[in-house]
Amino acid sequence: MVPLQQFRDGMSLLTGAVTIITTDGPAGLAGFTASAVCSVTDQPPTLLVCMNRNSYAHPFFAGNGVLCVNVLSAAQQPLSAAFADRALSMPQRFERAYWQRLQTGSPAFEDALVNFDGQIVATHEVGTHSIFYVELRDIRQRSDTAPARGLAYFNRHYHPLGVAA
């Protein structure tokens, strides 16, 4: 078996887009920062989100059965940090941005590069994490004409993405 620290060090070199995952519904409002998101299939449009079951927010996502993946731009690093900050309450996190509601009712960050809004259709548990399979109900892409600059997490640091000079 691979030693834990070796696995974590190796995974730190796997670049991931920075997202804020949100939910709202009968179980309550919650959100967290994640980079463990990827597409599964386009028929039906489905993605997966990995979440630690020991997370304070986990029961909210499992109970609501819906979520929104909000993909951040390079300028939104402070919002990512806020949603990863355990010292901030959920209301304090959400107060830092403007939110809309798409089809599922989960908060959609108004200035995200893209919002993927969907229903959790299956969950698998592997080790410490739940893998949520999310069938998309709505997608909203930012419509401004400015060139998009993404935000990635690599080697335990944030990095802006964009067109190379």
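Trainee: What volume does the largest pocket have?
Mentor: The largest pocket comes out at about 1500 Å³. Keep in mind that this is a predicted model.

Trainee: Which residues are closest to its centre?
Mentor: T33, A34, S35, A36 and H129 are the closest, out of 36 residues that line the largest pocket.

Trainee: And which elements give two or more residues to the lining?
Mentor: On the helix side, α1 (4–11), α3 (77–84) and α4 (90–94) do. The strands are β3 (30–34), β4 (37–42) and β5 (45–52).

Trainee: How does the lining of the largest pocket split by class?
Mentor: There are 20 nonpolar, 12 polar and four charged residues.

Trainee: Switching to S80, where is that one found?
Mentor: S80 is in helix α3.

Trainee: Buried or exposed?
Mentor: S80 counts as buried because its relative accessible area is 0%, and the cut-off for buried is under 20%.

Trainee: What does the S80 side chain make a polar contact with?
Mentor: Its partner is the side chain of Y158, at 2.6 Å. Leaving aside neighbours within four places in sequence, S80 is in contact with V18, I20, T33 and L72, as well as Y158.

Trainee: Last topic, G105. Where is it?
Mentor: G105 is in the loop between β7 (99–101) and β8 (107–109). With a relative accessibility of 21%, G105 counts as partly exposed.

Trainee: How many Å separate the C-alpha atoms of G105 and A34?
Mentor: The separation is 20 Å, and the two residues are 71 residues apart along the chain.

Note on methods
Residues are numbered from 1 along each chain as its sequence is written. This is a predicted model: local features need pLDDT of at least 70, side-chain atom pairs count only at pLDDT 80 or more; totals for chains, interfaces and linings use all residues. Side-chain values use heavy atoms; hydrogens and water are left out. Helices (H or I, at least four residues) and strands (E, at least two) are DSSP runs, numbered from the N terminus. Buried means under 20% relative accessible area, exposed over 50%, partly exposed in between (1.4 Å probe, protein chains only). On a 1 Å grid over the protein atoms alone, a cavity is a set of points where a 1.4 Å probe fits but cannot get out, and a pocket is an open set with protein on both sides within 12 Å along at least five of seven lines; lining residues have an atom within 4 Å of a point. Grid points are joined across faces, edges and corners, and a volume is the space filled by probe spheres set on the points. Ala, Val, Leu, Ile, Met, Phe, Trp, Tyr, Cys and Pro count as nonpolar, Asp, Glu, Lys and Arg as charged, and the others, Gly among them, as polar. A polar contact is a pair of N or O atoms within 3.5 Å; within protein, one must be able to donate a hydrogen and the other to accept it, and residues adjacent in sequence count only if both atoms are side-chain atoms. Contact means heavy atoms within 4.5 Å.
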